[in-house]
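The sequence and structure are shown first.

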Amino acid sequence: MITKGKLTKRMFLWTNILLAALFANVLLFAPALRMGGAFSAGLATGIAVGWLIFFVAGSRELRKPGRTFDERTVALAGRAASFAFWVMILALALTTALLRSEIFSIAIGAQELAGLLMNLGVVAWVAAWALLSRLR
Amino acid sequence: MRNDVRTLRQASGLTQEELAAKVGVSRQTIISIEGGRYDPSLALALRLAHILGGAVEEIFHPEEFP
C-alpha cells in the first residue's frame, strides 16, 4: 500500500483484490461465526470505508505519481504507526495491571477489551498522522 | 534544515505546485521543505537541485555545517 513513495498499477490492483476479499469474507463468514449483527456491520463498514479511501487516493496517485503518496507521506505514516504501537503497548501494560488488581476489580470481557484496543490503535494512528502532518 | 529552496524557486518563476509536479511530490512536501520542517531524501534533494539549478550543498545548509 504505502511503500517507498511509488505505487504501481500492479500493487494497486492486488491491494484492491485483497481488500475486496477481506470485505467478502466478513459478509460471508460473519453470520456463520455469530459475531452479532452490529459488530459485523461495523466491521464491514470499516473495511468498506478503508477500501474506498485507498481506491480514491490510489487512483489519484496513479494519475499523478508522487502527489498523494510521496516520501513525506511515507515518513509520516511510519512515525504515526510507531506512535500507535507504543500507545497500544502502554494501554496493554496498564490494562494488564489494572485487570489483575484486586483493589480496582475491573470486569471487562475479552471481546470488549480486544475491540477497545483495536479502536485505540486506529485512533492513535489517525491522531498522530493529523498532528504530525501539521508539524512536519 | 535551513535551505534556499523558496528563494531559488521564486527566482525561477515557479509556483510551489509547479515545482512539486516537476520533482514528483505533493505541494505540501514543498511547503514543509521550504519551511525547514521536513528534510528531503538525498534523491529528492538532488532532483530539487537539478530543477532549481544549483548544487545540493549550495541549497541545503545543515546546522552542523554553517
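## Overall form of chain A

The radius of gyration is taken here over C-alpha atoms, and the rule for a globule is 2.2 Å times the number of residues to the power 0.38. In this predicted model, chain A has a radius of gyration of 18 Å, whereas a compact globule of 136 residues would have one near 14 Å. The C-alpha trace of chain A spans about 60 × 40 × 20 Å along its principal axes. Of its 136 residues, 12% count as buried.

Chain A contains four helices and zero strands, and its pattern along the sequence reads α-α-α-α. Among the contacts in chain A with a separation of 6 or more, 74% are accounted for by residues 24 or more positions apart. The domain assignment divides chain A into domain 1 (1-69) and domain 2 (71-136). The C-alpha centres of these two domains of chain A lie 22 Å apart.

## Contact between the chains

## Nonpolar cores

The largest nonpolar core has 13 residues, of which B:Ala20, B:Val23, B:Val25, B:Ile30, B:Leu44 and B:Leu48 touch the most other members. Two or more residues of this core come from each of helix 2 (16-23), helix 3 (27-34) and helix 4 (42-52) of chain B. Helix 4 of chain B supplies the largest share, four residues.

With residues up to four places away in sequence left out, B:Leu44 touches B:Val23, B:Val25 and, in the other chain, A:Glu71. There is also a second, separate core of five residues, including A:Ala80, A:Ala84, A:Ala124 and A:Ala128.

## Helix 3 of chain B

Which residues of helix 3 of chain B are buried? They are B:Thr29, B:Ile30, B:Ser32 and B:Ile33. These residues lie on the same side of helix 3 of chain B because they cover an arc of only 160° around the axis. In general, an α-helix has 3.6 residues a turn, so residues three or four places apart point the same way.

The cover over the buried residues of helix 3 of chain B includes helix 3 (71-100) of chain A, along with strand 1 (2-3), helix 1 (5-11) and helix 2 of chain B. After helix 3 of chain B comes B:Gly36, which has a positive phi, near 75°.

How values were computed
Residues are numbered from 1 along each chain as its sequence is written. Chains are lettered from A and ligands numbered from 1 in the order in which they are written. This is a predicted model: local features need pLDDT of at least 70, side-chain atom pairs count only at pLDDT 80 or more; totals for chains, interfaces and linings use all residues. A nonpolar core is a set of buried Ala, Val, Leu, Ile, Met, Phe, Trp, Tyr and Cys residues joined through C-beta atoms within 7 Å. A residue is buried if 20 or more other C-beta atoms lie within 10 Å of its own, exposed if 12 or fewer, and partly exposed in between; C-beta atoms are placed from the backbone. Two residues are in contact if their C-beta atoms, placed from the backbone, lie within 7 Å. Domain bounds come from an automatic or database domain assignment. The arc is that of the directions from the helix axis to the C-beta atoms.
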